[in-house]
Amino acid sequence: MPKIDCRYCGKELVYKSTRDLPFFPFCSKRCKLIDLGKWVEEEHRIEEPFTPEEANEADESKGA
């Protein structure tokens, strides 16, 4: 059976299907909401540096 660790607390979850875990990939509603709060407060964020081409495209779309 597949295993995964809860993304927040690290508890090991064993399942046959992701349908067996109502809060997948978290172990509980509590862990899911704590993680969501971290995204809302910007403690978690996805950062990727702009390439020079992307920076130029962003400037052009702003009318600069």
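**Exercise 1. Find out how open Arg-7 is and what lies around it.**

Arg-7 counts as exposed, at 59% relative accessibility. Here buried means under 20% relative accessible area, exposed over 50%, and partly exposed in between, with a 1.4 Å probe and protein chains only. Before going on, note that this is a predicted model: local features need pLDDT of at least 70, side-chain atom pairs count only at pLDDT 80 or more, and totals for chains, interfaces and linings use all residues. Residues are numbered from 1 along each chain as its sequence is written, and side-chain values use heavy atoms, with hydrogens and water left out.

Now check its neighbours. Leaving out residues up to four places away in sequence, Arg-7 touches Pro-25 and Phe-26; contact means heavy atoms within 4.5 Å. Lys-32 is 25 residues away along the chain, yet the two C-alpha atoms are separated by 8.5 Å.

**Exercise 2. How many salt bridges are there, and which residues form them?**

Start with the idea: side chains of opposite charge can pair when their charged atoms come close. The rule asks for a side-chain nitrogen of Lys or Arg within 4 Å of a carboxyl oxygen of Asp or Glu. That gives 2 salt bridges.

- Lys-38 pairs with Glu-43, at 3.2 Å from N to O. Lys-38 is partly exposed at 23%, while Glu-43 is exposed at 55%.
- Arg-45 pairs with Glu-47, with the closest N and O atoms 2.6 Å apart. Arg-45 is exposed at 51%, and so is Glu-47 at 61%.

**Exercise 3. Work out how the rings of Tyr-15 and Phe-24 are arranged****.**

The structure holds 1 aromatic pair. In it, the ring centres of Tyr-15 and Phe-24 are 5.8 Å apart and the planes sit at 70°, so the pair is edge-to-face. For the cut-offs, rings of Phe, Tyr and Trp (its six-membered ring) pair if their centres lie within 6.5 Å; planes under 30 degrees apart are stacked, over 60 edge-to-face, and the rest tilted.
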